[in-house]
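Q: I am new to this structure. Could you show me how to read its features one by one?

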Amino acid sequence: MGKRLLTNTYLSMLCAELAMLLDAGLTVSDSVHVLLDDEPGKDGKELLQALINQLELGEQFSTSLKKSEVFPKYMVHMVEIGERTGRLVETLKALSEYYERQIRLSVTIKNSILYPAILLVLMIVVVLILIVQVLPIFNDVFARLGTQMSPLASALMDFGQWLGGAAVVIAAIIALVFIFIILVAAVPSLRTGLFRSFSNKWGSRGVFGKIASSRFIYAMRLSMASGLDTADSIDLAASVSGGSRAVDEKHRRCIKLISEGKPLHEALFGAGILSGQDSKMLSIGSRSGKADQAMAEIARRNDLDVQDHIDRLVGRIEPALVIISSVIVGVILLSVMLPLMGIMTAIG
C-alpha cells in the first residue's frame, strides 16, 4: 500500500470493526485475523497480514500500527493510551466516531465549494461567449447600418478579440495550473507546505477558525474519554487541530493557564477556544463528574455550528454569483440593444 496514510473512511470502518470484535471477547491478534479473512482487497490483506506478523512477534497493537507507517500519529497515540488505561474498546469506538466526523466535515466542505465553483465557471463561460462571439455579430449589424456600437460594447469586444488572440497563452496557463494541482496532490511535502502557508494566513479566521476549534474540542473529548489527563489531552488535541500560528497560540495559552492552576473550562474560555456558554456547560460537567459527557455535547454543538456557518456562507455566495452574472450579462446586452433599438426606431 506504500507509505501513503489511510483514508478516513477505511480508518473509521477498521476501528469500528476492531471494537466490535474486541468487545465480543477476542484478542487483538484474533480480531485482525478475522478482518484478514473478510478483507476483499489485495492491499488491505497485505496491511492486515503485516499487522498480524508484528502482533505474533509480541508487539503491542499500537507499536504494530506505528511500524506500518500508514496510520495517522493521532490514531497510534490514542490506541497506545487505550492500551495503557485498559480502555482500548472505548478508544476504538471513539476513534471510529472521530474519523466518521472527519468524513462528514470533508463532504460538507467539498459540497459547499462545488456548486458555487460550477456556477462561477458557467458565469465566466457565458460572459466569454457574449464578448467573443456575440458582440462581433452586433458590430457587423451596426456597421451595415452605418454606425458604431457604444464605447462600452466596443471596449468589451476589443477585450474579447484580445482573449481570442491570446487563446494559446491562456490555454498554456490553464495547463500549468492543472499540472500544479496534480503535483500538489502527488507530492506530500508540497501539499503540506501549501497547507501550512494557507493555515498561517486563514486558519484562525471565519469558518476555518471554527473548524479548528471544533476539531480541538472533539479531540479533547476523545482523549478525556480514553482516560488521558487534562494536560496530555490538550497537548494531543493541539497536535491534531493546530497548523496556523494563531490557533497554535491559543493552544499554548490554554496550556499555560492550566499550568497556572486554572480549571479546564476557564483555561479553554481564556484561550478563546470555548465560548462562555460552552465553558459554563463544561464547568457543570466537571463538578458533576461528567466532564467527558459535557465535552461530547459541546463537540456536537460545535459540529452543528460549523455546518450552519458553512450553509450561511454558501447561502450568501450563490445569490451573489447569480446577481453578479445577471448584472454583467444585462449590461453587455443593454450596451448593444439600446442603441440598436434607437436606430430601428429612427428608421421606422
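A: Start with one residue. R221 counts as buried because its relative accessibility is 17%. Buried means under 20% relative accessible area, exposed over 50%, and partly exposed in between (1.4 Å probe, protein chains only). This is a predicted model, in which local features need pLDDT of at least 70, side-chain atom pairs count only at pLDDT 80 or more, and totals for chains, interfaces and linings use all residues. Residues are numbered from 1 along each chain as its sequence is written, and side-chain values use heavy atoms, with hydrogens and water left out.

Q: Where does R221 sit, and what does R221 touch?

A: R221 lies in helix α10. Helices (H or I, at least four residues) and strands (E, at least two) are DSSP runs, numbered from the N terminus. Contact means heavy atoms within 4.5 Å. Leaving out residues up to four places away in sequence, R221 touches E97, D292, M295 and A296. Its C-alpha atom is 9.9 Å from that of I234, 13 residues apart along the chain.

Q: How many helices and strands does the protein have?

A: There are 15 helices and zero strands. Of the 348 residues in the protein, 37% are buried. Contacts can also be sorted by sequence separation. Among those with a separation of 6 or more, 60% join residues 24 or more positions apart.

Q: What does the accessible surface come to?

A: Accessible areas come from the Shrake-Rupley method with a 1.4 Å probe; for residues, only the protein chains shown count as cover. Here the total is about 19500 Å². Carbon and sulfur atoms hold 63% of that surface.

Q: Which residues touch the most other members of the largest nonpolar core?

A: In soluble globular proteins, nonpolar side chains tend to be buried together. A nonpolar core is a set of buried Ala, Val, Leu, Ile, Met, Phe, Trp, Tyr and Cys residues joined through side-chain atoms within 4.5 Å. The largest one here has 62 residues, and F71 and L95 touch the most other members. Beyond four places in sequence, the contacts of F71 are L5, L6, L11, L14, L47, L51, L65 and V76. Apart from that core lies another, of 14 residues, among them V127, L130, M157 and I332.

Q: Is S64 buried or exposed?

A: S64 counts as buried, because its relative accessibility is 1%. S64 is part of helix α4, residues 61–68.

Q: What is the phi of E69?

A: E69 has a positive phi of about 65 degrees, although E69 is not a glycine. E69 belongs to the loop between α4 and α5 (73–85). With a relative accessible area of 48%, E69 is partly exposed.

Q: Which helix holds D311?

A: D311 is in α15, residues 291–347. At 41% relative accessibility, D311 is partly exposed.

Q: Which residues line the largest cavity?

A: On a 1 Å grid over the protein atoms alone, a cavity is a set of points where a 1.4 Å probe fits but cannot get out; lining residues have an atom within 4 Å of a point. The structure holds one cavity of 30 Å³ or more. The largest cavity has about 50 Å³ of space. Its lining consists of G209, A212, S213, V247, K250, H251 and I273. Helices α10 (206–225) and α12 (245–259) each give two or more residues to that lining.

Technical notes. On a 1 Å grid over the protein atoms alone, a cavity is a set of points where a 1.4 Å probe fits but cannot get out, and a pocket is an open set with protein on both sides within 12 Å along at least five of seven lines; lining residues have an atom within 4 Å of a point. Grid points are joined across faces, edges and corners, and a volume is the space filled by probe spheres set on the points.
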